[in-house]
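The following briefing covers sheet architecture, helix packing and local backbone geometry. Please consult the sequence and the structure alongside the text.

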Amino acid sequence: MKIPLSAPDITEAEIEAVVSVLRTSRLSLGPVTERFEAAIAEYVSLPHAIAVSSGTAGLHLCIRALGIGEGDEVIVPSFTFIAAANAIRYERATPVFADIDPVTLNIDPQKIEEAITPRTRAILAVHTFGVPAEMTAILDIAQRHGLLVIEDACEALGAEYRGCRVGSMANAGVFAFYPNKQITTGEGGIVVTRDEGLARRIRALRNQGRYESDNWFQHTELGYNYRISDINCALGLAQIGRLEEILQKRAEVASAYHRRLSHRPELSLPPAALASGRISWFVYVVRLNAGGHLERDAIMRGLAAAGIASGRYFAPIHLQPSYAAWRHSANLAVTEAVASRTLALPFFNNLEAEAIDYVCDAMGRLLLSRQAP
């Protein structure tokens, strides 16, 4: 059996939606993009959504449009995908890494408070693996210190926190639609906000700095080509119509893993549910209760030998070669301890029970032997 780490869930409806755009003369900046934006805005109950070429592009546009730049600091977790910190650096601002909660793996509000300096301008809160961050505490800290908040909800479409959908609670939120996400546009992302002025500027910045009043060859400010095509948006629009079905499928896969692995003393499993909200399952990440990255990597090799893909989610940003200057910049003990033992198992909508059993049986054998081929 060969089991990939992830796989998109594409039906004939998605294929037909894409083909229907190809039969038109509007492949970019057309009506399908507008409909996709409207569907996302309605889903998160916000007035503005701006579709862009990737989640990374969305994060970058938020940083720039909010006026964050050189000399400013943005507090962000190191236990996340590197794009969150890169977007800060693109504008010559400084990422300041704060440690995470050992259960949810989200940024720890207390560590945010400790990291604030006179140069702090914003908090970039990541909803890690689709688990909503503690937004009540984060927003309270931001209000008391006069800080902006950006929600990186790139892994969390459909997650909810105290009755609110993630991405809707801060100055801006960003979703991403890479093929391993809850819904996909192939490549793509979207920024959501209730701030009309911010939305207007982000919409201009994604399109070479053109505002709606500009003609095609007039550029009011420095911008970017962060547009997304109607072809991509057609795929996303078809997928969002199936979102609740998709979220349910993913929750069922997570529950199956929980049932099969909850008796394993060698593992810590992700939280099955939250009292404060709804998890939108992005990946299924377990942690070894003993050992470090050498043992974890040995188990990964054993899984690979059995035809099972797995992943290290995440390698801390501050330990990446491109962040050498940050290596010793903060006490990130929880981040480093967790990251050395995390292991992402195959996880996608249509992962069959037989495959889940195969993965769990292989994990059991490897955990018992504590060695891999």
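A residue is called buried when its relative accessible area is under 20%, and exposed when that value is over 50%. By that cut-off Leu105, with a relative accessible area of 7%, is buried. The model is predicted.

- Strands β4 (residues 120–126) and β5 run parallel and are joined by 5 bridges. Within this pairing, Ile123 has Val149 of β5 as its bridge partner.

**Strand β8 and its neighbours**

- Strand β5 (residues 148–152) pairs with β8 in the parallel sense, over 3 bridges. Ile150 stands opposite Ala172 of β8 in this arrangement.
- The pairing of β8 with β9 (residues 189–193) is antiparallel and comprises 4 bridges. Here Gly173 is placed opposite Val192 of β9.
- Why is strand β8 described as largely enclosed by the rest of the structure? The reason is that 5 of the 5 residues of β8 (residues 172–176) are buried.
- In a regular strand, side chains alternate between the two faces of the sheet. For β8, Ala172, Val174 and Ala176 belong to one side, while Gly173 and Phe175 belong to the other. Both faces are covered, as these residues are all buried.

- Strand β6 (residues 160–161) is connected to β7 by 2 bridges, and the two run antiparallel. Glu160 has Arg165 in β7 as its bridge partner.

**Packing of helices α3 and α4**

- The axes of α3 (residues 55–65) and α4 come within 8 Å and cross at roughly 40°. Because of that angle, α3 is classed as oblique to α4.
- The crossing of the two helices is right-handed.
- On the α3 side the contact involves Thr56, Leu59, His60 and Ile63, and on the α4 side Ala83, Ala84, Ala87, Ile88 and Tyr90.
- By residue type, this contact comprises 7 nonpolar and 2 polar residues, and no charged ones.

**Backbone geometry in loops**

- Most residues other than glycine have a negative phi, and most peptide bonds are trans.
- Arg92 is not a glycine, yet its phi is positive, at about 65°. This residue lies in the loop between α4 (83–90) and β3 (94–98).
- Is Arg92 buried or exposed? Its relative accessibility is 62%, so Arg92 counts as exposed.
- Leu105 likewise has a positive phi, near 70°, in a residue other than glycine. The loop that holds Leu105 runs between β3 and α5 (109–115).
- Tyr313 and Phe314 are joined by a cis peptide bond, with omega about -5°. Phe314 is located in the loop between α10 (293–305) and α11 (333–339).

- Pro316 is located in the loop between α10 and α11.
- With a relative accessible area of 8%, Pro316 is buried.
- Which residues does Pro316 touch, not counting those up to four places away in sequence? They are Ser78, Thr335 and Ala339.
- Between the C-alpha atoms of Pro316 and Cys233 the separation is 32 Å in space, and the two residues are 83 residues apart in sequence.

Note on methods. Residues numbered from 1 in each chain as written. Predicted model: local features only at pLDDT ≥ 70, side-chain atom pairs only at ≥ 80, totals over all residues. Heavy atoms only, no water. Buried < 20%, exposed > 50% of the residue type's maximum accessible area, 1.4 Å probe, protein only. Axes fitted to C-alpha atoms, helices over the stretch in contact; angles between N-to-C directions. Parallel < 35°, antiparallel > 145°, perpendicular 65-115°, else oblique. Left-handed = near helix turned anticlockwise from the far one by under 90°. Contact = heavy atoms within 4.5 Å. Nonpolar A, V, L, I, M, F, W, Y, C, P; charged D, E, K, R; others polar. Pairing = 2+ DSSP bridges.
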